[in-house]
Amino acid sequence: QLQAFGGGLVQAGGSLRLSCAASGLTFSGYAMGWFRQAPGKERVFVATISWRGNTMRYANSVKGRFTISRDNAKNTVVLQMNSLKPEDTAAYYCAAARAFIATNENEYHYWGQGTLVTVSS
């Protein structure tokens, strides 16, 4: 199971830290990712991190503002979001892929519930 938390309401330019706790799987054997779905839009890739946390990929829209990290000892993955913009408003989902690293949601096997991020202008 994956459980995401940390969403909330923040003003533009602010920061939020999303966390995702994993249980019931060999966490260090999975790439972890974050996706987001804005109202009325499809879910899209945000960031992913490899098994050992030494390789990351980001969507162009968040590059330089968001940072993904993981702690395999604590079975958690974190998305640090800085310089937030209104267009970052969405439900954010964490997911686990049985792969080295994965940017396509079809590669992901397990999904957490969404945590809502709202950025006001």
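Guide: In this predicted model, the count of aromatic pairs comes to six. One of them is formed by phenylalanine 35 and tyrosine 108, an edge-to-face pair with 5.1 Å from centre to centre and 80 degrees between the planes. Planes over 60 degrees apart count as edge-to-face, so the angle of 80 degrees places this pair in that class. The two residues come from distant parts of the chain: phenylalanine 35 belongs to strand S4 (residues 31-37) and tyrosine 108 to strand S10 (residues 108-111), 73 residues apart. Phenylalanine 35 and tyrosine 108 are both buried.

The pair is also part of a cluster, in which ring pairs link Phe35, Phe45, Tyr108 and Trp111. Tryptophan 111 has a charged neighbour as well: arginine 43 lies over the face of its ring, 3.8 Å from the ring centre. Arginine 43 also lies over the face of tyrosine 93, at 5.2 Å from that ring centre.

A search of the whole structure finds one disulfide. Here too the pair links distant parts of the chain, with cysteine 20 in strand S3 (residues 16-22) and cysteine 94 in strand S9 (residues 90-97), 74 residues apart. The torsion about the S-S bond is about 55 degrees, so the disulfide is right-handed. Cysteine 20 counts as buried because its relative accessibility is 1%, and cysteine 94 counts as buried because its value is 0%.

Definitions and conventions: Residues numbered from 1 in each chain as written. Predicted model: local features only at pLDDT ≥ 70, side-chain atom pairs only at ≥ 80, totals over all residues. Heavy atoms only, no water. Phe/Tyr/Trp six-rings, centres within 6.5 Å; stacked < 30°, edge-to-face > 60°. Helix = DSSP H or I, 4+ residues; strand = E, 2+ residues; numbered from the N terminus. Buried < 20%, exposed > 50% of the residue type's maximum accessible area, 1.4 Å probe, protein only. Lys NZ or Arg CZ within 6 Å of the ring centre and 35° of its normal. Disulfide = S-S within 2.5 Å.
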